[in-house]
Each structure stands twice: as C-alpha cells, then as structure tokens.
Amino acid sequence: MTTTIPAPTATGAPASPYQSYVYAYPHKTAYRPLPDRPRLSTLWAGEPKDALSLYLHIPFCEVRCGFCNLFTRIGAPDGLTGAYLDALDRQATAVRQALGDREPVRFATAAFGGGTPTFLTAAELERLCDIAEHRMGADLRAVPLSVEASPATATADRLEVLAARGATRLSLGVQSFDDAEARAAVRPQRRADVEAALGRVRDARIPVLNIDLIYGIDGQTEHTWLGSLDAALAWNPEELYLYPLYIRPLTGLGRRAGAADPAWDAQRLRLYRLGRDHLLAHGYEQRSMRMFRRADAPRQGADGYACQTDGMIGLGCGARSYTAGLHYSFDYAVGMHEIRGIVDDYVSRPAADFAHAEYGRRIDADEARRRHLLQSLLQAEGLDLADYRARFDGRTPGDDFAAELSRCAGRGWLEDGGPAAGVLRLTPEGLAHSDAIGPELFSPAVRAAMAGYERK
Ligand code: SF4
C-alpha cells in the first residue's frame, strides 16, 4: 500500500524534547463547562457499547510526590473514603442506567487508577470491585483488570483481594531504588520497603507486574540509573515504564520550576537511551517511549478494544469518559486546596447529578483523526494506514496532517519506507522525542483552550 506523505521539510527541532506527556488527547485543560449539561442517556444513545473500557478513579495518596500533577489529595479524613465509595456507587448506578439495555453493554477492559487505589483498605477494595461488577456489570474475572499501587499500600491483604477479584496487572510506582533519589523526587521511601512490596506482589501471583521508574532526578547518574534498572530487572517484571522527570507548576517540585534547561534535557535524553538499550538487551520490547514489555510476558490486550476510538466509562471525580463525539469529566485541578473542594463536592452529590456531563470537549471529525494519529504514531508499532483509511473515509494521514508529518520527517523522526510498508512509524530518535512530537500534533483550537486554562 502507498499513501501520500509530504516531502520532508528541513526545520529546527523544538526547544526541548520534553514538552509534555500526551497520554490522552485532548488534555483536560482543554475541557470547559458544558452549559447544556447533556444527559448521559442522550450522549450514549447509538454509541457502540459492546467493547467499552471501564476506569475507576481513587483520588487519595499517602503522600504527594514532588513530580505528580495527577488529580489526587493527600490522605482522607475519617469517613471520606467510605463517603467517596458511596458516591461512586450512586454514580455507577446512574451511569449504568444511562447506558440503557436496548443493546448489549459489555466491558472489554477495566482499570483502577488514581491517586493510589490501594489507599483503600482491603474491605473497601472489595466494595470497589462490587461496584464495578454489580452496578456496572463488568465481569472482572474475565477481562484484563489493571490496578495501580504504591509500595507502602501494596499490603498482602489488599493484594489478596485484588488477585481473587481478577486483577491481571499490578503497577507499582517505585520511581527509584536509590533512597537519596527518592527523597530528591519528594517521594520518600526506603529501598527495603520497596523490595518487600515487590515480594508481596509476586507472592500474590498477579500475572503482570509493572514497575514505574523515573530518570532525570537531581543527583541521578548513569551508574545509579543502571542500579535502579537492575534492581527492577531482578524481579523479572513483565512490564517497565520509564518516565522522564517533569517539573510542573503547582506540584511539590514545581516551586523550583525554572526556564529552559538544556543540560537537564541532555541528561534526560542520555538516561533514556541508556535505559532503553539496557532493557532491549535484557529481552524487553519497546512499545512506546515509556513502555517496555518482556518479550515472553502474557498478553494483556482486550479482544475488540482499541483505545484510539472506542468508548470509555470513567467513574470517580478525576475520571474522563469518552463517546465518539464528546470527552467529559468533572472539574480539574492540580492545587491541593482546589482538589479537596472538588472531592468534597463529588461526595455530596445526589444520584440525579450523575446523569449529566458537566465539563468536556466536543470531538469533531478533525479532532478524531488527530487523536487517532497521536495515539497510534506515539506507539512503537506505528499507525496502520489501511486501518486509517477504513476509519476515515479513505483518507490518509498525509491528506490530513501534511505540515505536521513533513516537519517530523524533516527531523529524521519518521521511518523511510514506512508508508510503503503500510505503516507510518517513528524512528528510534522519533520515539525518543515523543514528548515533543505529541504537543505539535494538537489542533490550534485545543492549543488555544489549553493556553487559556487558568491553573488551579
Ligand atoms: S505519583 Fe502516584 S503515588 Fe505519587 S502523588 Fe501522584 S498519584 Fe500519588
């Protein structure tokens, strides 16, 4: 198959390879209040519902890591987690009702994220699973179920519940095995505690263990980075995520945020390449800039689910939901005070409130194609051109994104011959620059909305 990809144009590289991590498009900072508060039953009418993805968000952590800008609060005063689960139950009931029963509703994947879902007690985790199963109708033991945990909360009783209820993947946020680096990233923890937690995860026999590590921490060297990688490899994890450190406004480290720092960029790129090559040499396959998977790890994908297009139901006050035409969620914040206010508002809502979408962004045909391009191109396997044509009326990425692709090609970040092979794929250097490529693919409208977002 061939397609029209414009000729490369010579152009300078963006200021830094580390612009932002694009894990969902459009970003929540491009969402706005929806004045008509559309009913979920209307939004979901006519949407395919036989391979949905279910996400439950738990916005609590024991500490706030210095690099984290996720929607989460530190600790929970007495009774708040129970009240949160009550609200989640009310929301699940309202959402499931809105999905209706005219066509079959089936969840193909499920995930508990946060925050730290294992901030909940073992009994509360049972309740969380009950909400997913009994209220939403997800068959947790039959589909991939991924859960995020921190070392301190990955206790044997919680892991036992999760394994028994069908968790297939446990992702542990380690960040560094070096105690001084952990302190520098404002994630104080001792290596001995991390190792003990990893032992408990393996004892629980959840099929896939993922370990998150961070590079670019103050004081981190090639030697200490390799030390953390080897400490992780000693557990033979099925997956590893290597994250570049970001310093973002309103986070613990953000107070130190400064201007461009080419030396830090160079350090992060060096550590990235070192980490990538180390994992490739140890039998891992690179799936994206951040994700590495052991070649012989059990398959995790869900039959019939493709994240670029299909529906997602997010429950909880930080979760997003996606229909083909609208992405929506609740209000969003990073600052502690604002987050506490949004969580308190969520737990106080009556069931009727959950039948509407309140914040979001409409997705038109151009945005749908951008989203598909972004989420495919930033994967190591790239974008399947025949699939793109089939989804988008015979169009090609070259028809739709000539300038963007040409710039990418001009920097040597697009594989030559990719189109001829039926795939549009980044080169290894392109993958290394995913966090620069992603933001360049945002539409002008999304870019303007993000720029106009008032941080809180
Ligand atoms: S990185 Fe994870 S554990 Fe740390 S504050 Fe953010 S959500 Fe919580």
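**Exercise 1.** Determine whether Pro-144 is buried or exposed in this predicted model, and place Pro-144 in the chain.

*Solution.* Step 1: apply the criterion, in which a residue is buried if 20 or more other C-beta atoms lie within 10 Å of its own, exposed if 12 or fewer, and partly exposed in between, with C-beta atoms placed from the backbone. Step 2: Pro-144 has 23 C-beta neighbours inside 10 Å and therefore counts as buried. Step 3: Pro-144 sits in the loop between helix H3 (122-135) and strand S6 (145-149); helices (H or I, at least four residues) and strands (E, at least two) are DSSP runs, numbered from the N terminus. Step 4: Ala-110 is 34 residues away along the chain, yet its C-alpha atom is 6.3 Å from that of Pro-144.

Residues are numbered from 1 along each chain as its sequence is written. Since the model is predicted, local features need pLDDT of at least 70 and side-chain atom pairs count only at pLDDT 80 or more, while totals for chains, interfaces and linings use all residues.

**Exercise 2.** Describe the nonpolar cores, meaning sets of buried Ala, Val, Leu, Ile, Met, Phe, Trp, Tyr and Cys residues joined through C-beta atoms within 7 Å.

*Solution.* Step 1: the largest core holds 87 residues. Step 2: the residues with the most contacts inside this core are Leu-54, Leu-56, Ala-110, Ala-132, Leu-172 and Val-201. Step 3: helix H2 (residues 80-99) contributes the most to the core, eight residues. Step 4: leaving out residues up to four places away in sequence, Val-201 touches Ala-154, Leu-159, Leu-170, Leu-172, Ile-206 and Leu-209, a contact being two C-beta atoms, placed from the backbone, within 7 Å. Step 5: another core lies apart, with 20 residues, among them Trp-413, Leu-424, Ala-436 and Ile-437.

**Exercise 3.** State the domains and characterise their contact.

*Solution.* Step 1: the assignment, automatic or from a database, gives domain 1 (29-294) and domain 2 (365-451). Step 2: their centres, taken over C-alpha atoms, are 26 Å apart. Step 3: 10 residues from domain 1 and nine residues from domain 2 take part in the contact. Step 4: on the domain 1 side, helix H8 (residues 262-281) supplies the largest share, three residues.
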